[in-house]
Amino acid sequence: MPQESTVAKLYVSNVPYSWNEEDLKELFRQVGRVTEKRSIRNRDTQESLGYGFVTVDCHPHGPGHWRVLQGSEVDGFDRNGKQTRRVLTIDIARGLKKERA
C-alpha cells in the first residue's frame with residue numbers, strides 16, 4: 001500500500017548569520033528528505049541575512065513532522081562574530097502538497 005507524504009516549502013527565520021545551506025539541510029534531515037535548501041545572502045557582500053527556505057518531504061502525521069522543529073534553539077554566530085543562541089521560526093512558504101510514495 002502506498003504511503004502518503006507531505007512536501008512543504010518552508011520559510012525559516014532567525015537563522016544564525018554563520019549558518020549556510022548545509023546547516024539548514026542538516027537540521028531538517030531529522031524530519032525528512034530535504035529536496036531543496038537556500039540560505040538568503042546579501043547580493044553584494046554575500047553575508048547571510050538570517051533567513052532561508054527549505055523544501056522537505058516528510059510523513060504528515062509522523063513524529064518526524066517539520067513542526068517539531070518550530071522554536072528550536074540553535075547555536076551560531078551573529079554579524080559581529082559573537083556566539084549566539086537563536087530560536088527558529090518556521091512557516092509554510094508554499095501550500096502543502098500531498099504525494100504518494
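Reader: Is R33 buried or exposed, and what is the relative accessible area of R33?
Author: R33 is exposed, a class that needs over 50% relative accessible area, while buried means under 20% and partly exposed lies in between (1.4 Å probe, protein chains only). The model is predicted, with local features requiring pLDDT of at least 70 and side-chain atom pairs pLDDT 80 or more, whereas totals for chains, interfaces and linings use all residues. Residues are numbered from 1 along each chain as its sequence is written, and side-chain values use heavy atoms, leaving out hydrogens and water. For R33 the relative accessible area is 52%.

Reader: How many residues apart in the chain are D57 and R33?
Author: D57 is buried, at 15% relative accessible area. D57 forms a salt bridge with R33 (a side-chain nitrogen of Lys or Arg within 4 Å of a carboxyl oxygen of Asp or Glu), and the closest N and O atoms of this pair are 3.2 Å apart. D57 sits in strand 3 (residues 48-58) and R33 in strand 2, so the pair links distant parts of the chain, where strands (E, at least two residues) and helices (H or I, at least four) are DSSP runs numbered from the N terminus. The separation of D57 and R33 is 24 residues.

Reader: Which residue forms a salt bridge with R29?
Author: R29 is exposed, with a relative accessible area of 51%. The closest N and O atoms are 3.5 Å apart, and the partner is E26.

Reader: How many salt bridges does the structure hold?
Author: The pairs described above, E22 with K37, R29 with E26 and D57 with R33, are among them. The total is 3.

Reader: At what angle are the ring planes of Y11 and F53?
Author: A search of the whole structure finds 3 aromatic pairs. Rings of Phe, Tyr and Trp (its six-membered ring) pair if their centres lie within 6.5 Å, with planes under 30 degrees apart counting as stacked, over 60 as edge-to-face and the rest as tilted. The centres of Y11 and F53 are 5.7 Å apart, and the pair is tilted because the planes are at 55°.

Reader: How far apart are the ring centres of Y51 and F53?
Author: Y51 is partly exposed at 26% relative accessibility, and F53 is partly exposed at 23%. Their planes are at 80°, so the pair is edge-to-face, with centres separated by 6.4 Å.

Reader: Which residue lies over the face of F53?
Author: F53 forms one aromatic cluster with Y11 and Y51. A charge sits over a ring if NZ of Lys or CZ of Arg is within 6 Å of the ring centre and within 35 degrees of the ring normal. At 5.6 Å from the ring centre of F53, the residue is K9.

Reader: Which residue in strand 5 is the bridge partner of F77?
Author: Strand 4 (residues 73-77) and strand 5 pair in the antiparallel sense over 5 bridges, where pairing takes at least two DSSP bridges between the strands. Strand 5 (residues 83-87) has T84 and R86 on its covered face, and R85 and V87 are among the residues on the uncovered one. The bridge partner of F77 is Q83.
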